[in-house]
Amino acid sequence: MLDQLDREAFKFKHKLMGHPALSLENLQRVIPSLPQERVMYSKALLQKGDDFEATFKQRPADRTIEQTIESIRVSDGYVMVQGPEVDPSFAPLHRELLADVQTLMRRRGVGTEAIDPQLYLFIASPNAVTPFHIDRYSTFLMQFRGSKEVTVFPQWDERVVPSVSREAYVAYANSRLSWSPEADALGTKFEFAPGEAIHIPFVAGHHVRNGGDDVSISMSIIFNTAQSMAWRRALSFNHASRRVMGRFGIAPSPVGRNPLRDSAKAQIWDAVAKVKSARR
């Protein structure tokens, strides 16, 4: 598994089943008490091709978060909570998971401290879909209740996400990715049950469908490493340079193929950022 970190998806067992922070009773207490900007929810079942990030920019006018959680088994509800570790009941859980992640990072040789680590909590109705998307960080996703099918695609496959779309997404210029049912054949499907966890590499495309048997409760810890931050900077460099290079009929080489070239792009992006900061 160590060699697969941020290279390939893999599944394993977690040891957090029965943790009191993740009981439905505690979730019903914690979630409504969190700052509003941390709690996002939808009242409609999503589809694979929907814009996942844009879905949560506007709250439903006819349903509160309390009502969404209470009726989630029989309604089309989807709740996503960013950073529940701000609540004391989740803080020890965050520390334990972060320690495990950093141990794995050290063994893999990608640094000693995770960058910007935080938890994300997901509660969704039976048959709910998380649309196809990529993440700007590395992810470990753990299942606690219900079942789901997680489909993960090769990290840098141009047939799944073209370079120009990946670069714009990481640069926060566009959050909608084109989706084609034909691309499903390129993904690896993981059946996911309580007690299981999966690693989703940085910018690896994925989508999720919950089982119809029960409400799904899952949680992820997201983080960046020095390597993934360098990839982010190289992708941002490519996105910014496309307009200039396009005038001459050329395009930047894709990130993820040549480590030395990616490193050079990341260093240039750092230098440009420092110059801009000095001018302010």
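The questions below go through a predicted model.

User: Which element gives the most residues to the lining of the largest pocket?
Analyst: The largest pocket has a volume of about 720 Å³ and is lined by 34 residues. Elements that give two or more residues to this lining are α2, β3, β4, β5, β6, β10 and β11. With 6 residues, the one that gives the most is β4.

User: How many residues in the lining of the largest pocket are nonpolar, and which residues lie nearest its centre?
Analyst: Nearest the centre of the largest pocket lie Phe52, Met80, Tyr120, Asp135 and Tyr137. Sorted by class, its lining has 6 charged and 10 polar residues, and the nonpolar ones number 18.

User: Are α6 and α7 roughly parallel or roughly perpendicular to each other?
Analyst: Two packed helices are described by the angle between their axes and the distance between the axes. For α6 (residues 226–246) and α7 (residues 259–279), the axes come within 8 Å and cross at roughly 75 degrees. Angles from 65 to 115 degrees count as roughly perpendicular. The arrangement of α6 and α7 is therefore roughly perpendicular.

User: Which residues of α7 meet α6, and how many residues in the contact are charged?
Analyst: On the α6 side, the residues are Ala230, Trp231, Arg233, Ala234, Ser236, Phe237, Asn238 and Ala240. They meet Asp262, Lys265, Ala266, Ile268, Trp269 and Asp270 in α7. By class, the contact of α6 with α7 has 8 nonpolar residues and 2 polar ones, and the number of charged residues is 4.

User: Is Asp116 buried or exposed?
Analyst: Asp116 is found in strand β4, and its phi is positive, near 50 degrees, although the residue is not glycine. Most residues other than glycine have a negative phi. The relative accessible area of Asp116 is 59%, and the cut-off is over 50%, so Asp116 is exposed.

User: Is Val203 buried or exposed?
Analyst: Val203 has a positive phi as well, near 55 degrees. The place of Val203 is in the loop between β9 and β10. Because its relative accessible area is 1%, and the cut-off is under 20%, Val203 is buried.

User: How far apart in space are Ile198 and Gln143?
Analyst: Ile198 lies in strand β9 and is buried, with a relative accessible area of 0%. Leaving aside neighbours within four places in sequence, its contacts include Phe10, Phe12, Phe140, Leu141, Val150 and Phe192. Ile198 and Gln143 are 55 residues apart in sequence, and their C-alpha to C-alpha distance is 8.9 Å.

User: Which residues is Gln102 in contact with, leaving aside its neighbours within four places in sequence?
Analyst: Gln102 lies in helix α4 (residues 91–108). With a relative accessible area of 16%, Gln102 is buried. Once its neighbours within four places in sequence are left aside, Gln102 is in contact with Thr112, Glu113 and Ala114.

Definitions and conventions:
Residues are numbered from 1 along each chain as its sequence is written. This is a predicted model: local features need pLDDT of at least 70, side-chain atom pairs count only at pLDDT 80 or more; totals for chains, interfaces and linings use all residues. Side-chain values use heavy atoms; hydrogens and water are left out. On a 1 Å grid over the protein atoms alone, a cavity is a set of points where a 1.4 Å probe fits but cannot get out, and a pocket is an open set with protein on both sides within 12 Å along at least five of seven lines; lining residues have an atom within 4 Å of a point. Grid points are joined across faces, edges and corners, and a volume is the space filled by probe spheres set on the points. Helices (H or I, at least four residues) and strands (E, at least two) are DSSP runs, numbered from the N terminus. Ala, Val, Leu, Ile, Met, Phe, Trp, Tyr, Cys and Pro count as nonpolar, Asp, Glu, Lys and Arg as charged, and the others, Gly among them, as polar. Buried means under 20% relative accessible area, exposed over 50%, partly exposed in between (1.4 Å probe, protein chains only). Contact means heavy atoms within 4.5 Å. Axes are lines fitted to C-alpha atoms, for helices over the stretch in contact, and angles run from 0 to 180 degrees between N-to-C directions. Angles under 35 degrees count as roughly parallel, over 145 as roughly antiparallel, 65 to 115 as roughly perpendicular and the rest as oblique.
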